[in-house]
Amino acid sequence: MMRPCDDRDFELIWAIINDGARAYKGIIPADRWTEPYMSCEELRRQIDEGVVFWGYEETGTLEAVMGIQQVQDVTLIRHAYVRTSSQKRGIGAQLLSHLRGLTSAPVLIGTWADAVWAIRFYEKHGFQLVSRPGDFVNANPLLRIGVSPAERFC
């Protein structure tokens, strides 16, 4: 079941992000990796800046979270994580589809350039690479949906 998250879910959101982020350890440049990956303070700051989290709940347990944020004329998908124990079951795809249905604005998603599995996941769900990996040192390539081929790369 999809549901909006609220303040009561803060610790669960934080735990799911840090559990799911383990997949990026060794992929994220060492100077960018921290333990935990996201601090409570950083999560609070992101929420205060307008990231609204949605969750996927199964049998009363929050299994995944994904944030959505309106910035100017685009929608950002932020912090898309599924518990390690619940990955590879289509939960991330369901959350992504749900969040895409909440907006008519162009959608942007950032991920690490070396996280090829994440890039493939988003491409499988209709997103196109906006910046090519390697264009910027330590840059997060952006993926977006609903753009013309001429807008594919920036």
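I began with helix 1, residues 10-20, and found Phe10, Ile13, Ile16, Ile17, Asn18 and Gly20 buried. The model is a predicted one. I noted that residues three or four places apart in an α-helix point the same way, because there are 3.6 residues a turn. I then looked up what covers the buried residues of helix 1; the cover includes helix 2, strand 2, strand 3 and strand 4.

Next I turned to strand 2, residues 52-58. I listed 5 of its 7 residues as buried, so strand 2 is largely enclosed by the rest of the structure.

I checked its pairing on each side. Strand 1, residues 2-4, runs antiparallel to strand 2 and is joined to it by 3 bridges. Met2 has Tyr56 of strand 2 as its bridge partner. Strand 3 also pairs with strand 2 in the antiparallel sense, over 7 bridges. Here I found Trp54 bridged to Met66 of strand 3. The two strands make a hairpin with 2 residues between them, and I noted a positive phi of about 45° at Thr59 in the turn.

Last, I looked at the largest pocket, which holds about 1,100 Å³ of space. I recorded 43 lining residues, with Tyr24, Ala80, Tyr81, Ala118 and Tyr122 nearest the centre. Elements giving two or more residues to this lining include helix 2 (40-48), strand 3 (61-71) and helix 4 (116-124). Strand 4 gives the most, with 7 residues. By type, I sorted the lining into 24 nonpolar, 12 polar and 7 charged residues.

Terms used: Residues numbered from 1 in each chain as written. Predicted model: local features only at pLDDT ≥ 70, side-chain atom pairs only at ≥ 80, totals over all residues. Heavy atoms only, no water. 1 Å grid on protein atoms, 1.4 Å probe; cavity = no way out; pocket = protein on both sides within 12 Å on 5 of 7 lines; lining within 4 Å. Points joined across faces, edges and corners; volume = space filled by probe spheres on them. Helix = DSSP H or I, 4+ residues; strand = E, 2+ residues; numbered from the N terminus. Nonpolar A, V, L, I, M, F, W, Y, C, P; charged D, E, K, R; others polar. Buried < 20%, exposed > 50% of the residue type's maximum accessible area, 1.4 Å probe, protein only. Contact = heavy atoms within 4.5 Å. Pairing = 2+ DSSP bridges.
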